[in-house]
Amino acid sequence: MKAVVIYGKEDFRYQEVEMPKVGKEEVVVKVGRCGICAVDPKILHGKGYVPPIVAKHVPIIAGHEFIGEVVELGEGAKEKYDLEVGDKAIAENIVPCWKCHYCQLGLYHMCDVHKIFGISGPDGGWAEYMKYPQGSIIWKVPEDMPYEIAVAIEPLACATHGVERANIQFSDTVVIAGGGAIGLFMLQVAKLKNPKMLIMSDLLEDRLSLAKELGVDVVINPGKDDIVKQVKDLTDGLGCDVVLEASGASVAVEQAVEMLRRRGRLMEFGVFAEKVCIDFSIIGDMKELEIIGGHLAFHTYPLTIKYLSEG
Ligand SMILES: [Zn+2]
Ligand SMILES: [Zn+2]
């Protein structure tokens with residue numbers, strides 16, 4: 001079969017590879033679609049903290065935003081996952097070890113071994129076929145959900161987790177920094193929390209118009225306008241309650257801590273190509289900010305499948 005294999009910086013090869021072989025409690029799928037995450041080009045160009053991790057696992061087939069159709073079920077997989085050959089099925093992006101401190105606590109997405117498809121663990125979905133290995137968390141996807149929708153399950157599950165982490169309240173003014181796939185998904189999920197005001201910021205106008213179509217209250221282009229001033233003006237000088245940072249741009253973090261009100265919350269989901277420098281006095285002495293991290297998805301795949309199947 002054909003696959004895109006990562007060998008290193010600027011070295012992704014579309015080549016012939018062996019078909020995955022199914023083992024006990026494993027599932028082989030024919031890949032229906034596989035997305036390109038913002039981290040994939042960073043791996044290609046050797047930017048940020050992820051490429052050195054990938055380097056320890058090369059050669060590896062890229063892609064963690066996959067969806068496929070079951071073609072082979074290993075011993076016990078049918079019973080464990082309630083799957084039949086021909087079903088659409090997705091595995092969560094991380095394959096937990098189920099033994100480490102975090103897995104024991106149930107925080108499987110924080111697994112210390114941290115095997116992520118196409119990055120640090122099993123081969124990913126930029127291939128004709130792939131295997132969901134033993135230990136995977138696998139979910140059946142409704143047959144009538146087209147692949148072009150189902151391929152959004154992974155990023156939407158991540159965005160949902162990010163929004164959950166921010167603990168949004170009804171009276172909150174929420175700024176979503178970055179209108180890429182994750183930011184736009186966060187917008188749609190954050191809307192379900194019905195906060196007082198939702199603001200989207202991005203440098204690209206087409207993303208901002210899409211955000212408007214998706215029902216955001218205010219859009220700001222920080223390339224054209226002073227975002228900190230605008231957010232303060234919109235909140236009677238107070239600043240916003242929550243920033244969901246999904247841009248991965250260091251300047252967005254600097255702006256986030258400036259535009260947050262005292263005791264505001266910054267939920268950081270972006271993956272950065274470079275280190276970010278902010279004045280930590282703002283976090284402590286000046287504002288008592290809460291900085292919350294978000295990574296992968298945690299118990300949000302089934303919810304996401306439900307959201308997407310209900311439109
Ligand atoms: Zn991703
Ligand atoms: Zn673990």
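1. In this predicted model, strand β14, helix α10 (residues 250-259) and strand β15 form a β-α-β unit of right-handed sense. The chain then continues from β15 by way of helix α11 (residues 280-286) into β16, and this β-α-β crossover is also right-handed.

2. The strands of the unit in point 1 are paired directly. β14 (residues 240-245) and β15 (residues 260-268) run parallel and are joined by five bridges. Within this pairing, C240 is placed opposite L260 of β15.

3. On the pairing of β15 with β16 (residues 290-293), the two strands are again parallel, with four bridges between them. Here M267 faces I292 of β16 as its opposite residue.

4. A separate point concerns the metal site. The zinc ion (ligand 1) is coordinated by C37 through SG and by H64 through NE2, at 2.1 to 2.3 Å. C37 belongs to the loop between β3 (27-35) and α1 (39-45), whereas H64 belongs to the loop between β4 (60-61) and β5 (65-73); the pair therefore ties together parts that are 27 residues apart in sequence.

Notes
Residues are numbered from 1 along each chain as its sequence is written. Chains are lettered from A and ligands numbered from 1 in the order in which they are written. This is a predicted model: local features need pLDDT of at least 70, side-chain atom pairs count only at pLDDT 80 or more; totals for chains, interfaces and linings use all residues. Side-chain values use heavy atoms; hydrogens and water are left out. Two strands pair if DSSP finds at least two bridges between them. A crossover is right-handed if, with the strands pointing away from the viewer, the path from the first strand over the helix to the second runs clockwise. Donors are N, O and S atoms within 2.8 Å of the metal (3.2 Å for Na, K and Ca); water is not among the atoms, so sites may look incomplete.
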